[in-house]
Amino acid sequence: MQTSLDIAAALTRRAALAGVAVMAATTAHHAIGAVVYGTPWRLHIAFLSLPTAAVILGALALHRRRAGAPSGRAAFVVLAAVLALVPIAWIGAYEGVYNHVLKNALYFLAPGSPVLARMFPPPMYEVPDNALFEITGVLQVVPAWIAAAALARRALGRRDARPGEFARPGDAARSGESAPPGESARPGAIEPPSAYRMGSMR
């Protein structure tokens, strides 16, 4: 049975690996664009992707190795900040959702719309005329969403926990546990069956 700490570690690992997948996907997407449109400047994304992936993996390794220590907590802060800013916000939301999902939606659902020209003016934006380029652009959203969802679940679980402990559903209501002698049961705890056998009818 997974403990709360196992769940937190799994969510952190999922978010980090999904973030690295975003950087790999955007590198492949921009390399395709560089070849298809003869724009080698698109390859500059590699100068962002490689360091970002290295920081994510390094922060994850330090956080796992020093979990509970100040350095481990600081590593998680760095990891969460980098994930939120680069793979999730910049690549996932801006590059994936805005530059490709929204552009393609407007192009195919409202062809010739002046809104499309205003929001995606050429030559900065390409008309959706290459399926591989557009599909890989849209696919950047998938690992970014996975990273965002895992990071949010980890953050929400931590928000409800006691200091230093990840929240565990059901901790407050374990069946069969009674309070120590002289101490009232915790709110939400289930009174053990023995209380009914020994107690009087009242």
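R42 touches H30, G33, A34, Y37, E126 and F133, leaving aside residues up to four places away in sequence (contact means heavy atoms within 4.5 Å). R42 sits in the loop between α1 and α2; helices here are DSSP runs of H or I with at least four residues, strands are E runs of at least two, and numbering goes from the N terminus. With 8% relative accessibility, R42 counts as buried (buried is under 20% relative accessible area, exposed over 50%, partly exposed in between, using a 1.4 Å probe and protein chains only).

Bear in mind that this is a predicted model, where local features need pLDDT of at least 70, side-chain atom pairs count only at pLDDT 80 or more, and totals for chains, interfaces and linings use all residues. Residues are numbered from 1 along each chain as its sequence is written, and side-chain values use heavy atoms, with hydrogens and water left out.

**Salt bridges**
- Searching the whole structure turns up two salt bridges (a side-chain nitrogen of Lys or Arg within 4 Å of a carboxyl oxygen of Asp or Glu).
- One of them pairs the side chains of E126 and R42, at 3.2 Å from N to O.
- E126 is in the loop between α4 (114–119) and α5 (131–139) and R42 is in the loop between α1 (4–36) and α2, so this pair ties together parts 84 residues apart in sequence.
- Both E126 and R42 are buried.
- K103 forms a salt bridge with E134, with 3.1 Å between the closest N and O atoms.
- That pair links distant parts of the chain, as K103 is in helix α3 and E134 in helix α5, 31 residues apart.
- K103 counts as buried at 3% relative accessibility, and E134 does too at 5%.

**How α2 and α3 pack**
- Helix α2 (residues 46–65) packs on helix α3 (residues 70–109) at an angle of about 150 degrees, with the axes 8 Å apart (axes are lines fitted to C-alpha atoms, for helices over the stretch in contact, and angles run from 0 to 180 degrees between N-to-C directions).
- That makes α2 roughly antiparallel to α3 (over 145 degrees; under 35 is roughly parallel, 65 to 115 roughly perpendicular and the rest oblique).
- Among the contact residues are L48, V55 and I56 of α2 and F76, L79 and W90 of α3.
- By class, the α2 contact with α3 has 15 nonpolar, four polar and no charged residues (Ala, Val, Leu, Ile, Met, Phe, Trp, Tyr, Cys and Pro are nonpolar, Asp, Glu, Lys and Arg charged, and the others, Gly among them, polar).

**A cis peptide bond**
- P122 and P123 are joined by a cis peptide bond, with omega about 0 degrees.
- P123 lies in the loop between α4 and α5.
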